[in-house]
Amino acid sequence: VPLFFEQKNLPYILNEGYQFYIYDYGDLSFASDLSGIYEKDIVMLVGGIKANEIANTTKAIEEFQGQENVYYVMNFVPERSKDMVKEFMEDASEKTYFMEFTFDPFVLVPGNIKSFEDIIKNMKQPKKKLKKSKLRRIFK
């Protein structure tokens, strides 16, 4: 997976015609401008319920509450806590997914494929033919 760390490369990257572009905004508590996130076809908020994550996860959920294109991807949630998390998510519970554990964030875990397929099926269809099976990850 090619990674790009420079914002100045964005115009070049977007002209490559890949099927998906992934923008990683990092920790939203450090983001000064979230307006770019609202323009995306799909927003995946990745968070968790560990003690050092719960406050920022809750804040991000509140920030994007009610947005139609937002999906919630939860990492490191024990099986016994998943029902509690779904209850907390209320109306967004159908858009909440739990990921299986992996040591390597660049390895697709077979158990996570269905979750990503469910999220992507709601994406707007591209208007032109695009290159297949390439992901770009752009870091701000």
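This report walks through the fold of a predicted model, from its overall layout to its sheet, helices and nonpolar cores.

## Overall layout

Let's start with the whole chain. It holds 5 helices and 6 strands, and from the N terminus on these elements run β-α-β-α-β-α-β-α-β-α-β. Of the 140 residues, 34% count as buried. Among contacts between residues at least 6 apart in sequence, 67% join residues at least 24 apart.

An open sheet of 3 strands has the order 3-4-5, and its pairing is parallel. Strand 3 and strand 5 are the edge strands, each pairing on one side only. On average, neighbouring strands of this sheet are turned by 25 degrees against each other, direction ignored.

Strand 3 (residues 43-48) pairs with strand 4 in the parallel sense over 6 bridges. Within this pairing, Met 44 has Tyr 71 of strand 4 as its bridge partner, while Leu 45 stands opposite Tyr 72. To get from strand 3 to strand 4, the chain passes through helix 3 (residues 54-64), and this β-α-β crossover is right-handed.

On to the next pair: strand 4 and strand 5 (residues 96-98) run parallel and are joined by 3 bridges. Here Met 74 stands opposite Phe 98 in strand 5.

How enclosed is strand 4 (residues 70-75)? Because 5 of its 6 residues are buried, strand 4 is largely enclosed by the rest of the structure.

## Helices against the sheet

Helix 3 lies across strand 3 and strand 4, running at about 155 degrees to strand 3. Helix 5 (residues 113-120) lies across strand 3, strand 4 and strand 5, and runs at about 160 degrees to strand 5.

As background, an α-helix has 3.6 residues a turn, so residues three or four places apart point the same way. Just after helix 3, Gly 66 takes a positive phi of about 85 degrees.

## Nonpolar cores

Which residues touch the most other members of the largest nonpolar core? Of its 15 residues, they are Leu 45, Phe 64, Val 70, Tyr 72, Met 74, Val 85 and Met 89. Strand 3, helix 3, strand 4 and helix 4 are the elements that give two or more residues to this core.

Met 89 makes a handy example to inspect. Leaving aside neighbours within four places in sequence, Met 89 is in contact with Ile 61, Tyr 72, Met 74 and Thr 96.

Technical notes:
Residues numbered from 1 in each chain as written. Predicted model: local features only at pLDDT ≥ 70, side-chain atom pairs only at ≥ 80, totals over all residues. Heavy atoms only, no water. Buried < 20%, exposed > 50% of the residue type's maximum accessible area, 1.4 Å probe, protein only. Helix = DSSP H or I, 4+ residues; strand = E, 2+ residues; numbered from the N terminus. Pairing = 2+ DSSP bridges. Right-handed = clockwise from strand over helix to strand, strands pointing away. Axes fitted to C-alpha atoms, helices over the stretch in contact; angles between N-to-C directions. Contact = heavy atoms within 4.5 Å. Core = buried A, V, L, I, M, F, W, Y, C linked by side-chain atoms within 4.5 Å.
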